[in-house]
Amino acid sequence: MPATGTKLNTIAAQTANAVAANSANAVAVFAASATAGDGVSSDVGIRSFSISVDEPPVLGGGDTAPNPVEFYLASLLSCQVVTYRFWAERLGVELSSLTLHAEGDLDVRGFFGLDDDVRPGFTQVRVTVDVAGPDAPERYRELQDVVDKHCPVLDLTQRSTPVATELRIASA
């Protein structure tokens with residue numbers, strides 16, 4: 001691994017030191033809140049940020065913002081970018097440019113309950129990574145393997161993550 005002189009390598013080294021000192025330092029909690037808006041839209045708060053979510057008219061929305069699965073694709077791609085940047089520095093691979101594109105196939109029969117054998121989520125997601133730099137092609141393939149192994153949002157898709165839902169009913 002390269003020396004910890006770069007910003008991202010320094011962050012990785014500081015994190016490793018903090019976790020070595022206390023394993024509880026390895027756990028990070030992220031949170032978001034959503035409030036229903038008009039139609040099927042929602043307003044989501046994440047830290048100090050606000051984003052809007054909606055659906056296209058064919059899915060009952062006003063098309064005022066990206067829909068949840070489009071935000072998933074954006075989350076996957078942006079997480080891949082972060083992971084490519086961190087691991088390129090850690091492996092000493094130079095990136096001159098990095099551009100990603102994703103698309104997913106969603107069979108609406110699952111969402112609308114038209115066929116209970118069809119899953120409501122994506123049946124397939126395709127990611128294209130365009131990378132350029134001076135290193136040998138095998139270095140970029142090595143980088144891709146490491147990114148695919150360490151990308152948190154990709155992991156959420158490839159492996160089951162337990163989700164516990166609590167319904168709290170307020171009196172009207």
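# Notebook: pockets, a patch and salt bridges

**Entry 1. The second largest pocket.** I looked up the second largest pocket and found a volume of about 470 Å³. The model is predicted: local features need pLDDT of at least 70, side-chain atom pairs count only at pLDDT 80 or more, and totals for chains, interfaces and linings use all residues. Residues are numbered from 1 along each chain as its sequence is written, and side-chain values use heavy atoms, with hydrogens and water left out.

I noted what a pocket is: on a 1 Å grid over the protein atoms alone, an open set of points where a 1.4 Å probe fits, with protein on both sides within 12 Å along at least five of seven lines. Lining residues have an atom within 4 Å of a point. The volume is the space filled by probe spheres set on the points, which are joined across faces, edges and corners.

Next I asked which residues lie nearest the centre of the second largest pocket. They are Tyr72, Phe122, Val125, Thr157 and Gln158, out of 20 lining residues. Helix H2, strand S5 (122-132), helix H4 and helix H5 each give two or more residues to this lining. Helices (H or I, at least four residues) and strands (E, at least two) are DSSP runs, numbered from the N terminus. Strand S5 gives the most here, with six residues.

I then sorted this lining by class and got 11 nonpolar, seven polar and two charged residues. Nonpolar covers Ala, Val, Leu, Ile, Met, Phe, Trp, Tyr, Cys and Pro; charged covers Asp, Glu, Lys and Arg; the others, Gly among them, are polar.

**Entry 2. The largest pocket.** I moved on to the largest pocket, which has a volume of about 1200 Å³. Its lining holds 26 residues. Phe30, Ser75, Pro152, Val153 and Leu156 lie nearest the centre of this pocket. Strand S3 (49-53), helix H2 (68-91), helix H4 (137-150) and helix H5 each supply two or more lining residues.

Which element gives the most to this lining? I found that it is helix H2, with seven residues. By class I counted 19 nonpolar, four polar and three charged residues.

**Entry 3. Two single residues.** I checked Pro68, which lies in helix H2. Is Pro68 buried, partly exposed or exposed? Pro68 is partly exposed, because its relative accessible area is 46%. The scale I used calls a residue buried under 20%, exposed over 50% and partly exposed in between (1.4 Å probe, protein chains only). Pro68 and Ser41 are 27 residues apart along the chain, and their C-alpha atoms are separated by 9.9 Å.

Then I looked at Ser171, in the segment after helix H5 (152-158). Ser171 has a relative accessible area of 73%, so it is exposed. Its C-alpha atom is separated by 40 Å from that of Leu154, 17 residues away along the chain.

**Entry 4. A nonpolar patch.** I found Leu106, Val108, Phe111, Phe112 and Leu114 forming a nonpolar patch on the surface. Together they have about 500 Å² of accessible area. Patch residues have over 30% relative accessible area and no salt bridge; nonpolar side chains (Val, Leu, Ile, Met, Phe, Trp, Tyr) are joined within 5 Å, like charges within 9 Å. Areas come from the Shrake-Rupley method with a 1.4 Å probe, and for residues only the protein chains shown count as cover.

I picked out Leu114, in the loop between helix H3 (108-111) and strand S5. Leu114 counts as exposed because its relative accessible area is 63%.

**Entry 5. Salt bridges.** How many salt bridges does a search of the whole structure find? I got five. A salt bridge is a side-chain nitrogen of Lys or Arg within 4 Å of a carboxyl oxygen of Asp or Glu.

I looked up the pair Arg126 and Glu103, which meet at 3.1 Å, N to O. This pair links distant parts of the chain: Arg126 is in strand S5 and Glu103 in strand S4 (residues 97-106), 23 residues apart.

Arg126 also meets Asp105, at 2.8 Å, N to O. Asp105 is in strand S4, 21 residues from Arg126 in strand S5, and this pair too links distant parts of the chain.

Arg126 is partly exposed at 29%, Glu103 is partly exposed at 38%, and Asp105 is partly exposed at 30%.

Last, I checked Glu142 and Arg139, which form a salt bridge with the closest N and O atoms 2.7 Å apart. They are three residues apart in helix H4, so about one helical turn separates them. Glu142 is partly exposed at 32%, and Arg139 is partly exposed at 24%.
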